[in-house]
Amino acid sequence: MSAPVKLTARQKQILHFIEQRIDSCGAPPTRAEIAEAFGFKSPNAAAEHLRALARKGVLELRSGTARGIRLAALASAASQAPRTTLLALPLIGHVAAGAPILAHQCIERYYRLDRSLFAERPDYLLRVRGLSMMGAGILDGDLLAVRRTPEAQSGQIVVARLGDEITVKRLRRTREGISLLPENPSYLPIPIDGSQPFAIEGRAVGLLRCGGI
């Protein structure tokens, strides 16, 4: 019987991140996405970790493609995270007009994700629609991790309900009032003037990149 694969704490985190991305998005992350997720200065640092994992037999690397990462048979046992670190998060797709954001009909599926991936514990994932927040690195199809709260500070990215629509924007509070700011010059700011119901549904606490796959 072969000895279990020994990974460092960081290697376990990266391997688990790759598994989660394959499970949630259907494809592995790029080296650049791994570098962004773990705060590495460049994709080269991520590549070094991937080569170390490949040497230990838990990954297979294929050259010539940005997503040339394949899990080996040893990966599942090697990356197994303690159950206490895993969150079961509902993925919210289309939100019907007037429906609560966590209504059963709005939930597409659930994902098990490592708590350490997020700055704060999220309550759900929201599938992003459109490119109004591309300047903040939030793209069409991405999964935004959201913490439920009716309050947010100026400058934070929020999930807001405006009338019957759910939108992701940056909140701005001034003496003149509240507005929702896009991160794309092709879109206009949205002033909150009381002409339609407004509420903050939550605050962004993380992002899983799934767009373009």
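Of the 213 residues in the protein chain, 43% are buried (under 20% relative accessible area with a 1.4 Å probe, protein chains only). The structure is a predicted model, in which local features need pLDDT of at least 70, side-chain atom pairs count only at pLDDT 80 or more, and totals for chains, interfaces and linings use all residues. Residues are numbered from 1 along each chain as its sequence is written, and side-chain values use heavy atoms, with hydrogens and water left out.

The chain holds four helices and 11 strands, taken as DSSP runs (H or I of at least four residues for helices, E of at least two for strands) and numbered from the N terminus.

Now for helix α3, residues 43–55. Its 13 residues should span 18 Å at 1.5 Å a residue, and the end C-alpha atoms do sit 18 Å apart, so the two agree; the expected span is 1.5 Å times one less than the number of residues. Ala-46, Ala-47, Leu-50, Ala-52 and Leu-53 are the buried residues of α3. Just past this helix, Gly-57 adopts a positive phi of about 85°.

Helix α2 (residues 31–38) packs against α3 at an angle of about 100°, and their axes are 8 Å apart. Axes here are lines fitted to C-alpha atoms over the stretch in contact, with angles running from 0 to 180 degrees between N-to-C directions. The two helices, α2 and α3, are therefore roughly perpendicular (65 to 115 degrees). On the α2 side, Arg-31, Ala-32, Ile-34 and Ala-35 meet Pro-43, Ala-46, Ala-47 and Leu-50 of α3, contact being heavy atoms within 4.5 Å.

Definitions and conventions. Buried < 20%, exposed > 50% of the residue type's maximum accessible area, 1.4 Å probe, protein only. Parallel < 35°, antiparallel > 145°, perpendicular 65-115°, else oblique.
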